[in-house]
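User: I would like to go through this model label by label. For each term, show me the value and the cut-off behind it.

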Amino acid sequence: MDATGFCDPVTRVGRIDTPTTAAPTASRLPARLAAAAPLLLVVSIAARLAWTYLVPNGANFVDLHVYVGGAGTLGQPDALYDYVYSEQTPDFPLPFTYPPFAAVVFYPLQMLPFGVIAFAWQLGIIAALYGVVRISQRLLSGDADRRTAMLWTAVGIWIEPLRSTFDYGQINVLLVLAVLYAVYSTRWWLSGLLLGLAAGVKLTPAVSGMYFLGARRWGAAVFSAVVFFGTVAISALIIGGETRYYFTELLGDADRVGPIGTSFNQSWRGGISRILGHDAGYGPAVLLGIAVTAVMAALAWRAVGGASDRLGAIVVVQLFGLLLSPISWTHHWVWLIPLMIWLLHGPLRSRLGARVLGWGWLVLTLIGVPWLLSFAQPTIWVIPRPWYLAWAGLVYIVATLATLAWIAATGRRSR
């Protein structure tokens with residue numbers, strides 16, 4: 001373990017070397033900007049907290065209310081998936097949509113006042129975001145420069161996926177951190193444990209298993225499945241009826257998760273539904289989009305050299321997963337932080353396309369295009385809209401396809 005607190009990654013079959021072009025980023029930071037990094041981070045954090053507590057409706061923590069309120073029903077028979085939170089969401093009473101193991105994990109939060117939980121949750125999001133940046137750096141060059149990480153964290157707090165994460169009190173940054181550390185670690189049991197637990201809390205991290213299979217890390221892949229089924233078994237012991245109900249009836253029910261057609265849903269199903277004017281389900285158009293994405297993701301995986309570029313590979317897998325999912329809320333797109341770091345500091349950073357895509361993603365997410373489009377929809381439930389708003393709602397989808405296509409073309413030529 002070095003001074004940064006991370007272990008030096010050495011595999012059983014040899015060291016996973018990073019391409020020599022992925023040099024440390026600290027030397028490329030202007031001296032004044034590097035010196036100001038700690039202050040900029042403090043100012044950014046203070047501004048975020050001020051926005052939360054001083055601006056009307058600066059944060060509503062609706063999802064955090066669902067976590068705590070849903071977990072609080074565990075002492076009542078068959079109450080977990082009947083629970084809804086509607087105090088601040090009268091147009092969409094929010095049910096508990098997570099696996100039952102999530103309620104078991106969240107249950108201890110009942111012991112604290114909600115205000116304390118919300119404040120600590122925000123600090124946890126910031127700490128996790130900093131960890132995401134640091135591990136992303138480590139996966140690239142082995143040099144997790146603190147000042148560069150501080151700058152990325154200071155800016156990352158204000159991109160749309162993080163803004164909605166703070167607003168709702170979401171858990172996605174912690175899950176991204178767990179998956180990234182699972183990729184970083186070379187201990188099969190630790191990687192499998194982290195991924196299995198993350199999938200037990202929220203199903204979306206399970207797509208990361210594709211990375212471990214592609215990287216031929218069979219032990220981690222198998223153990224993650226064992227841990228996941230272990231979370232199901234624990235849930236069955238504690239709340240057997242609710243566990244059976246979730247995995248036999250609720251699993252895959254996208255309507256329960258939320259409105260498919262809202263601009264905040266940046267998946268293929270959401271984008272095609274807005275164009276057609278109704279829920280497209282997994283019809284031909286959506287399946288075609290997923291198939292095209294799968295081919296481009298496979299080509300991008302090969303172009304980055306598979307698991308030899310661990311950050312590039314896991315980002316490719318996650319981009320595919322985001323478009324595959326029936327609902328990919330903007331706060332699911334926290335993976336754009338590792339993507340932008342890979343583009344702007346990774347092995348292809350000297351390419352014009354990497355700079356265009358990296359800075360383009362940053363501008364898109366700082367503006368928050370899906371958030372702007374939400375003001376033009378009467379309610380989150382209305383799917384039909386003018387054609388120009390429907391097509392504009394493909395913004396993250398189109399940007400993802402462009403990114404995968406560029407990686408597939410440029411990465412392979414570079415290799």
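User: Leaving aside neighbours within four places in sequence, which residues is F106 in contact with?

Analyst: This is a predicted model. In it, F106 is in contact with Y67, A71, W121, I171 and V201. Contact here means heavy atoms within 4.5 Å.

User: What makes F106 stand out in the largest nonpolar core?

Analyst: Its contacts inside that core. F106 is among the residues with the most, along with L162, L180, Y211, I337, W342 and W361. The core has 112 residues. Helix α4 (residues 114–141) gives the largest share, 12 residues.

User: Why is V363 called partly exposed?

Analyst: Its relative accessibility is 47%. Partly exposed runs between the buried limit of 20% and the exposed limit of 50%. Therefore V363 counts as partly exposed. V363 sits in helix α17.

User: Why is the pair R163 and E160 called a salt bridge?

Analyst: The cut-off is 4 Å between a side-chain nitrogen of Lys or Arg and a carboxyl oxygen of Asp or Glu. For R163 and E160 the N to O distance is 3.2 Å. The pair qualifies. Both residues are buried. They are three residues apart in helix α6 (residues 160–168), so about one helical turn separates them.

User: What makes D279 and R269 a salt bridge, and what does the pair tie together?

Analyst: Their closest N and O atoms are 2.9 Å apart, within the 4 Å limit. D279 lies in the loop between α13 (268–276) and α14 (284–303), and R269 in helix α13, so the pair ties together parts 10 residues apart in sequence. D279 is partly exposed at 31% relative accessible area. R269, at 10%, is buried. By this rule the count comes to two salt bridges.

User: Where does pLDDT stay under 50?

Analyst: Over residues 1–27. The model has 51 contacts beyond four places in sequence for that stretch. The protein averages a pLDDT of 89, and 91% of the residues score at least 70.

Technical notes. Residues numbered from 1 in each chain as written. Predicted model: local features only at pLDDT ≥ 70, side-chain atom pairs only at ≥ 80, totals over all residues. Heavy atoms only, no water. Core = buried A, V, L, I, M, F, W, Y, C linked by side-chain atoms within 4.5 Å. Buried < 20%, exposed > 50% of the residue type's maximum accessible area, 1.4 Å probe, protein only. Helix = DSSP H or I, 4+ residues; strand = E, 2+ residues; numbered from the N terminus. pLDDT = per-residue confidence, 0-100.
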